[in-house]
Amino acid sequence: MTTTQFNVGTLLQEPIGSRREICFEAGTLPVHSSENNLTFHGTAEIVKVQRGVLVSAKLTVLNVSMDCSGCLTEFVEEIKLEFQEEYLPTSDPNTNRPIPADEDVFRIDNRMILDITEAVRQYTETAIPLAPKCREICAGICIFCGKDLNQSTCACDSSEQDNQFGPLKEYFK
């Protein structure tokens, strides 16, 4: 088992409301979209509910790689996640009969192993900003030469900029 997998076989046979606390010191999460694994730490509580278990997690994912929407440079940042997800077993632990569920439901496998890898990956992907910035005030790139204006200024003449509102400027003179 990896740091993101837990045997919940005994918890599923306990009364509703039974709990387990999990502490992640430095878990690693393989992600297919990048070369590096994501590292995270935090806590999770697993509670027995009617049909399965409820996982409530508070995690910090370290070194998430992003591209700045202003200057296009790559940078890394921490992302804090909080989520609750219900996990349902694929089969009843007492009778071994299959339990039907929607395909978008997180499942506990036949060996009663709960794996939170996919939930952490999905919540990390959705927590990345749509237009991430490398710093609070990113100067961006020059629209003429493409130089990173955070590093230095360029020699381009800013008065020659193609301004779509130029004709309106003449109107208000």
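A residue counts as exposed when its relative accessible area is over 50%, as buried when it is under 20%, and as partly exposed in between. Keep that handy while you click around this predicted model.

**Stop one: Arg111 and Asp109.** Show the side chains and look between them: Arg111 and Asp109 make a salt bridge, and their closest N and O atoms sit 3.2 Å apart.

**Stop two: Arg19 and Glu45.** Next, pick Arg19 together with Glu45. Here's another salt bridge, with 3.0 Å between the closest N and O atoms. Colour the strands and you'll find Arg19 in strand β2 (residues 19-29) and Glu45 in strand β3 (residues 38-48), so this pair ties together parts that are 26 residues apart in sequence. Is Glu45 exposed, partly exposed or buried? Its relative accessibility is 22%, so Glu45 counts as partly exposed.

**Stop three: Arg121 and Glu118.** Now jump to helix α2, which covers residues 117-127. Select Arg121 and Glu118 there: the two are three residues apart, about one turn of the helix. They form a salt bridge too, and the closest N and O atoms are 2.6 Å apart. Glu118 has a relative accessible area of 33%, which makes this residue partly exposed.

**Before you close the viewer.** How many salt bridges does a search of the whole structure find? The search turns up four, and the pairs you visited include Arg19 with Glu45 and Arg121 with Glu118.

Key
Residues numbered from 1 in each chain as written. Predicted model: local features only at pLDDT ≥ 70, side-chain atom pairs only at ≥ 80, totals over all residues. Heavy atoms only, no water. Helix = DSSP H or I, 4+ residues; strand = E, 2+ residues; numbered from the N terminus. Buried < 20%, exposed > 50% of the residue type's maximum accessible area, 1.4 Å probe, protein only.
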